[in-house]
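Subject: Structure for your review

Dear colleague,

Please find the structure below, handed over for your review.

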Amino acid sequence: MDAEGDRLSGLQDDLILQILSFVGLKDAIGTSVLSPRWRYIWTSTPHLSFSSEDFPTIDKFSNFVNHVLSRRNNQAQVSSVNLYLRLKDGQDVAHRIMNYAFSHNVQQVNLTCWFGNITCFPDDDIGFSLSLSNSQTIKHLTFSRCCYYDHIALTSTSKLSSLTTLHLDHITLYDGFFSNCPNLENLTLNCCRMLGSNAFKISHPRLCNLTVNQGQGHLVSNTLDVVAPQLKNLTITEFGGSYRISAPELASLLFRGFAPFMFSTDALNLLEKAQLSLYSLNGLDSPDAPSVISLLQKLHNVEDFSLSVEIVELLNSAVELISHQASPFANLKSLKILPRINCGWKHQHVQVIMSTEVKSYLLDSSPEATLTEVPSEHCCDLIAARALIFKKAENNHA
């Protein structure tokens, strides 16, 4: 035991702090009994990880937070904070932790709130608001709400000059929030809403990667308005309504959801890859054809193109709209036909029948392009790939 204690005492501080970064603060404090050198070293850990799941009441969790923050080495900077808050009335604790982290130059914050079955707030009320006004060093922020009974708002009255990556899940924003993030490059919005505007507006001069998922049953806005001159990758899923996209540098587009009422965009002359999967509540029908064909025309420079079988079936039913049009896809190298979006997990193969007119419209301007039908059993792979989009954004924060 003494020999083991000596070995633990011989470890360098940086290595001990790295070990402690893999556990929560409650366990990190517990390591203080392992060796005399470990007794206080937890007070200098740059990674603060709190979870209310470790405590039966909010009072006990609050006392633990006070214990940690009051005994921590104030000369040590805070690199990252992970906070999982499940207990009701935990807003004060969250603010205490965040304010401490902001005052110690935190760079990465992952905050998840689950307040449980609390009283439902009116649509214009906010149950919990997190202000980033005191943070000038934060680079990566993930903020998630895991409860449909409350509203959580993210605000800032000052510039967040260091923020480059923002991932928000079920969060309320105020119109103009992104103007306070001048260096934002990566933005993921999952089931978020924006107050102060009828449209969900995202205008940013430096944004490179944008993912917007509205979620079925969360139709909180009818218009998505994106102005991003440096945007390279755009993913839109489950967003119903109309779209105004200004992204002249766009190279990759993934669009999955309701057929758009209107899709207005600047020329996408640099677009290389696009995946388009559309549906409507009653299935795509002739009234949807003009807007879908208009959208296809805007993707004329695409090289790698994937279309859902629903779009092919729609074009089959509207050949009179395309039979006299030249194929817009002059640079096409690969065309994939994706299986039906809602497969019901049955994986029954349905042969794709593409009329001569539709095939000409899609391929005549690129006779060397390959045409591939993705097997129906791979539809679940596509669903998993969609989940990986959000997982990748999370990993980029780590």
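To begin with a definition: rings of Phe, Tyr and Trp (its six-membered ring) pair if their centres lie within 6.5 Å, with planes under 30 degrees apart counting as stacked, over 60 as edge-to-face and the rest as tilted. Ring pairs of this kind join Phe50, Phe55, Phe61 and Phe64 into a cluster.

Some notes on the source are needed before going further. The model is predicted, and local features need pLDDT of at least 70, side-chain atom pairs count only at pLDDT 80 or more, while totals for chains, interfaces and linings use all residues. Residues are numbered from 1 along each chain as its sequence is written, and side-chain values use heavy atoms, with hydrogens and water left out.

Aromatic pairs

By the ring rule, the count comes to seven aromatic pairs. In one of them, Phe177 and Phe178 have ring centres 5.8 Å apart and planes at 80 degrees, so the pair is edge-to-face. Both Phe177 and Phe178 are buried, where buried means under 20% relative accessible area, exposed over 50% and partly exposed in between (1.4 Å probe, protein chains only).

The rings of Phe329 and Tyr361 also form a pair, with centres 6.3 Å apart and planes at 80 degrees, so this pair is edge-to-face. It links distant parts of the chain, 32 residues apart: Phe329 lies in the loop between H7 and strand S20 (334–338), and Tyr361 in helix H8 (residues 356–363). Helices (H or I, at least four residues) and strands (E, at least two) are DSSP runs, numbered from the N terminus. Phe329 counts as buried because its relative accessibility is 0%, and Tyr361 counts as buried at 1%.

The surroundings of Val68

Val68 is found in helix H4 (residues 58–71) and is buried, with a relative accessible area of 1%. Leaving aside residues up to four places away in sequence, Val68 touches Leu25, Ile29, Trp42 and Phe50; contact means heavy atoms within 4.5 Å. Val68 and Leu48 are 20 residues apart in sequence, and their C-alpha atoms are 9.4 Å apart in space.

Helix H5 (residues 91–103) has 13 residues and reaches 18 Å from its first C-alpha to its last, close to the 18 Å expected; the expected span is 1.5 Å times one less than the number of residues. Buried residues in H5 include Val93, Ala94, Ile97 and Met98.

Asn105 is placed in the loop between H5 and strand S3 (108–113) and counts as partly exposed at 37% relative accessibility.

His170, also a residue other than glycine, has a positive phi near 60 degrees. His170 sits in the loop between strand S7 (165–169) and strand S8 (172–174) and counts as buried at 9% relative accessibility.

Helices H6 and H7

The axes of helix H6 (residues 289–298) and helix H7 (residues 309–316) come within 10 Å and cross at roughly 115 degrees. Axes here are lines fitted to C-alpha atoms, for helices over the stretch in contact, and angles run from 0 to 180 degrees between N-to-C directions. In this contact, Ala289, Val292, Ile293 and Leu296 in H6 meet Ile311, Leu314 and Leu315 in H7.
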